[in-house]
Amino acid sequence: MVVRSAEEAVRVIRDKLGDKAKVLSVRQVGGEGLKRFISSPKLEVIAQVLEDGGAAMQEQAPMPEPQRVVPETKDEKVAVSPKQPVQTQDVSSSNISDENKLESKSLSNFDLLAKFGFDQSLLSDIQSWANWKTLKDASIADALKEITIGLSDRFRGLESFPVTEKVALLGGPGVGKTTTLCKFLAHEVFMNKTTPSVLKIENGVPNPDDALRIFCEVVGVTLYRESESLPEVNQQCPLFLDFPGLAMSEIEEWRNANEVLDNLQVETRILVVNGAYDRDIISKYIRSARYLNASHIAITHFDEMSNSTKLWPIIFNSNLTPICVCNGQNVTGDFSTSVLNQFISKTFPEELYSKGFSTYQRL
Ligand SMILES: Nc1nc2c(ncn2[C@@H]2O[C@H](COP(=O)(O)OP(=O)(O)OP(=O)(O)O)[C@@H](O)[C@H]2O)c(=O)[nH]1
Ligand SMILES: [Mg+2]
């Protein structure tokens, strides 16, 4: 069903489907960013009717089970089959002439990966792996499999900070902090059925909130502007803090934010970065974020990235727990906490998988 507010969704679900209905997914219709809410907020709600025995009648394709937003650094399982679906990349066979394709047959695995747009810094890292000597002469299928396993193991080895009930979204101007916050809110309200609140911080920097205010109204969340008036915060009533953009080199701004976060006892401090930005810029933001003791990292604009290879070394060296990946402007969708799977699915271009697959066929 398509509704205009969370309240309407709850009413319609109760009237039409009864008390046993469970919300499976909520999607913003239109998908044109947060500002869309100012003109015409509409939500597409997919609900499931649970029968008495617990069996489910579902009209739509099966959806993933709702779950609390926690970083999945430890438990994710990643398929390493060469048949794994991957997104189409910029640097793909469409950019490579047939002549080059033929020529690439005689290239080493290293050259082949570089040719297909693999990030140089990640390639250098991989060359320092203990098994690189065997990898470099292995079939491309085996190389892809081993690289996938190597990256996944390293990812799972990252420190995993817990997510607490007070969560702040921080980062440079315009990187997608408020949009990411709204994605968390929608997840909390519809999937986890909690009652979150939002605190908007200005801290001397203007932080306009039209779109955020309207989104909060739509999902039935209270937006506070003063920390003095906040309600009690606990697991069932989490608090999300929306900060203005912090300038990359204005360390004082990051220090001030740290003070605000300390005073409000906020432990989960998510640095939001635009994944499509240049590697050096992202790294600078990560360095600045040390001044406010960031604990997690969220990647936005993943949809605009041709491949994710540059992000691996950045994440491995960041000391931050990857918490989510945002794949678009849709504030009630385009959001995933399966960061490892998202990274893997954008690591190898499809052509390399098919190349790997054809070497299997030859065996
Ligand atoms: N393509 C794409 N656009 C996004 C994504 N996340 C946010 N945006 C868009 O990026 C723009 C900025 O998003 P905001 O959430 O307002 O960014 P912000 O960091 O809160 O900005 P300031 O508060 O002004 O510092 C908006 O047009 C969003 O719709 C994403 O994952 N992909
Ligand atoms: Mg904002």
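Figure 1. Lys-193 is exposed, because 11 other C-beta atoms lie within 10 Å, and a residue counts as exposed at 12 or fewer. The model shown here and in the other views is predicted. Lys-193 sits in the loop that runs between α8 and β6 (197-200). Its phi is near 55°, a positive value in a residue other than glycine. Most residues other than glycine have a negative phi.

**Figure 2. Asn-319 in the loop between α12 and β11.** The loop that holds Asn-319 lies between α12 (311-316) and β11 (321-326). Phi of Asn-319 is positive, near 60°, and this residue is not a glycine. Is Asn-319 exposed or partly exposed? Asn-319 counts as partly exposed because it has 15 C-beta neighbours inside 10 Å.

**Figure 3. Leu-158 and Leu-320.** Leu-158 belongs to the loop between α7 (140-156) and β5 (166-170). In sequence, Leu-158 and Leu-320 are 162 residues apart. In space, their C-alpha atoms are 8.1 Å apart. Leu-158 has 19 other C-beta atoms within 10 Å, so it is partly exposed; a buried residue would need 20 or more.

**Figure 4. Asp-334 and its contacts.** Asp-334 is placed in the loop between β11 and β12 (335-336). Leaving aside residues up to four places away in sequence, Asp-334 touches Cys-326, Asn-327, Gly-328 and Gln-329. Thr-300 is 34 residues from Asp-334 in sequence, and the C-alpha to C-alpha distance of this pair is 9.7 Å. Asp-334 counts as partly exposed because there are 19 C-beta neighbours inside 10 Å.

**Figure 5. The shell around ligand 1.** How many residues surround ligand 1? The shell has 19 residues, and the closest are Gly-33, Gly-176, Thr-178, Thr-179 and Gly-245. Helix α8 (residues 177-191) gives the most to this shell, with three residues. By class, five of the shell residues are nonpolar, eleven are polar and three are charged.

**Figure 6. The largest nonpolar core.** This core has 82 residues, and Leu-170, Ile-270 and Leu-271 have the most contacts inside it. Domain 1 (2-50) and domain 2 (101-363) both give residues to the core, so it lies between them. Leu-170 touches Ile-270 and Leu-271, and its other contacts beyond four places in sequence are Lys-177, Phe-243, Leu-246, Ala-257, Arg-269, Val-272, Leu-292 and Ala-294.

Figure 7. Where pLDDT is low, the predicted coordinates should not be read in detail. For the protein, the mean pLDDT is 81, and 80% of the residues reach 70 or more.

**Figure 8. Overview of the fold, for orientation.** The protein has 14 helices and twelve strands. Of its 363 residues, 37% are buried. Among contacts between residues at least 6 apart in sequence, 80% join residues at least 24 apart.

Conventions: Residues are numbered from 1 along each chain as its sequence is written. Chains are lettered from A and ligands numbered from 1 in the order in which they are written. This is a predicted model: local features need pLDDT of at least 70, side-chain atom pairs count only at pLDDT 80 or more; totals for chains, interfaces and linings use all residues. A nonpolar core is a set of buried Ala, Val, Leu, Ile, Met, Phe, Trp, Tyr and Cys residues joined through C-beta atoms within 7 Å. Domain bounds come from an automatic or database domain assignment. Two residues are in contact if their C-beta atoms, placed from the backbone, lie within 7 Å. A residue is near a molecule or strand if its C-beta atom, placed from the backbone, lies within 6 Å of it. Helices (H or I, at least four residues) and strands (E, at least two) are DSSP runs, numbered from the N terminus. Ala, Val, Leu, Ile, Met, Phe, Trp, Tyr, Cys and Pro count as nonpolar, Asp, Glu, Lys and Arg as charged, and the others, Gly among them, as polar. pLDDT is the predictor's confidence in each residue, from 0 to 100.
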